[in-house]
Amino acid sequence: MSGKADPRPAGDGTTSRARLDRGRGALGPALELVHTGRAPTRAVLTAELGVTRATAGAVAAELEALGLIRVDARPGAAAGSQGRPSHRLAVAEDGPVALAAQVHADGFRAALVGLGGRIVATAPGRETVDADPAKVLGSVVEAGAELLRTTGRHCVGAGLAVPSAVAEPDGLALNPLHVAWPAGAPVRRIFAERVREAGITGPAFAGNDVNLAALAEHRHGSGRGARDLLCVASGHRGVGGALVLDGRLHTGSSGLALEVGHLPVNPGGRPCHCGSRGCLDVETDPLALLVEAGRAPGPEVSLLRQADDLLRTDYADPAVRAAAHALIDRLGLGLAGLVNLLNPDRIILGGLHRTLLETDPDRLRAVVADRSLWGQSGGVPILACTLDHNSLVGAAELAWQPVLDDPLGALR
């Protein structure tokens, strides 16, 4: 069991244990419901799990004994409410954490992330990415290990987000072009080795940064409640996409699904790394906006920051407005094609694409509606990503998943 003192009354031990035995298979689903905010009270948990109130109470008590959630047995009743108020449930603020790491074209960062997608602590970001992945991953894990030493938190595992498709089952970064790493770099193996060398326990995982951003947004952000969620984002360089189906990330047969950056949206446009021309990857990323607006990119801050600042401060400039409209039209064309193929019930946009949506939402939505079958049946909602550091949070979700699947087994 949990190895901690049982908070239940001694006289009720046999009955409570029998209830927990019946509800043991519900521990993981119950934890996920609290983790994603879908079960704020024990009454909601009971209804969602389809168990008796007594079983739900035993399950909640065991998750609390494991140090994962907190049960508030004396919540104040809401004004005008009748009957006994249900116990409130929340993730334990002082509970275990996952080590999350992210590498992108303009730097890398480590953080500790608790249940509920809460970022507990972050290390100062680094702005230089070495061409040797082992050196970079060693540095980011060292930063994470220092956070663990400083906070004294128990770590359940580690997750890594990288700007590349990550092929399964070997965890190879197939196209880390924007960080100058060799194609096929074994990032998951290197990351796991560095995690073990740092004395950090628990499994280690790696995934594509946009995939992980989509997972985080689906569980904790603007994608919550969507059944079929499409995420498209342009971070520091290039464009990525992800699809969440029925609550699970769709990665295809080998982890390479939704490489949307190579959809052609501007025939005869800029040459793309894939050998084609006019792909989303080179027509709607931060560098594309700067070039389209006639602005020379500078070395002071990241390309994403430069592009965002340009839209937010100089949109009145006709050249900047024309550049923004060009990128919006190309992005809308790409999104319309994806809508026709995938029929999502929600689209969320991150990075520069979020800023483009905020700059002229009507234009973007009109392009998608005009060029897709969805537009003829009411349109698909297009929203901005809402989580700060969503790829970091998503990397932590990888490490939390074994705990969500089997809390007792993972923490034993």
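Val 232 stands opposite Gly 241 in S11. That residue pair sits in the pairing of strand S10 (residues 228-234) with strand S11 (residues 240-245), which is antiparallel and runs over six bridges. Pairing here takes at least two DSSP bridges between two strands. The element names come from DSSP runs counted from the N terminus, with helices being H or I of at least four residues and strands being E of at least two.

Before going on, some ground rules: this is a predicted model, in which local features need a pLDDT of at least 70 and side-chain atom pairs count only at pLDDT 80 or more, while totals for chains, interfaces and linings use all residues. Residues are numbered from 1 along each chain as its sequence is written, and side-chain values use heavy atoms, with hydrogens and water left out.

Now the sheet around S10 and S11. Which order do its strands take? They run S12-S11-S10-S13-S14, five strands in an open sheet with mixed pairing. S12 and strand S14 (382-384) are the edge strands, each pairing on one side only. Helix H7 lies across S10, S11, S12 and strand S13 (346-351), and runs at about 40 degrees to S11. Contact, by the way, means heavy atoms within 4.5 Å.

There is another open sheet of five strands, also with mixed pairing, and its order is S5-S4-S3-S6-S9. Here the edges are strand S5 (119-122) and strand S9 (204-208), each with pairing on one side only. Its twist averages 25 degrees from one strand to the next. Strand S4 (residues 107-113) pairs with S5 in the antiparallel sense over three bridges, and Leu 112 stands opposite Ala 121 in S5.

Two helices pack on this S5-to-S9 sheet. Helix H5 (residues 133-151) touches strand S3 (97-104), S4, S5 and strand S6 (155-162), with its direction at about 30 degrees to that of S4. Helix H14 (residues 390-405) touches S3, S4, S5, S6 and S9, and its direction makes about 140 degrees with that of S3. Here are the helix-on-sheet angles in one place:

| Helix | Reference strand | Angle |
|---|---|---|
| H5 | S4 | about 30 degrees |
| H14 | S3 | about 140 degrees |
| H7 | S11 | about 40 degrees |

H14 also meets a helix. How do H2 and H14 cross? The axes of helix H2 (residues 27-35) and H14 come within 7 Å, with a crossing of roughly 140 degrees. The two are therefore oblique to each other (under 35 degrees counts as roughly parallel, over 145 as roughly antiparallel, 65 to 115 as roughly perpendicular, and the rest as oblique). On the H2 side the contact uses Gly 28, Pro 29, Leu 31, Glu 32 and His 35, which meet Glu 397, Val 403, Leu 404 and Asp 405 in H14.

H10 brings Leu 304, Ala 307, Asp 308, Leu 311 and Arg 312 to the contact, and H12 brings Leu 352, Thr 355, Leu 356, Glu 358 and Thr 359.

Finally, a couple of backbone details to look up in the loops. Is the peptide bond from Glu 168 to Pro 169 cis or trans? It is cis, with omega near 10 degrees. Pro 169 itself is found in the loop between strand S7 (166-167) and strand S8 (172-173). Ala 180 has a phi near 60 degrees, a positive value in a residue other than glycine. Ala 180 is found in the loop between S8 and helix H6 (187-197).

Definitions and conventions. Axes fitted to C-alpha atoms, helices over the stretch in contact; angles between N-to-C directions.
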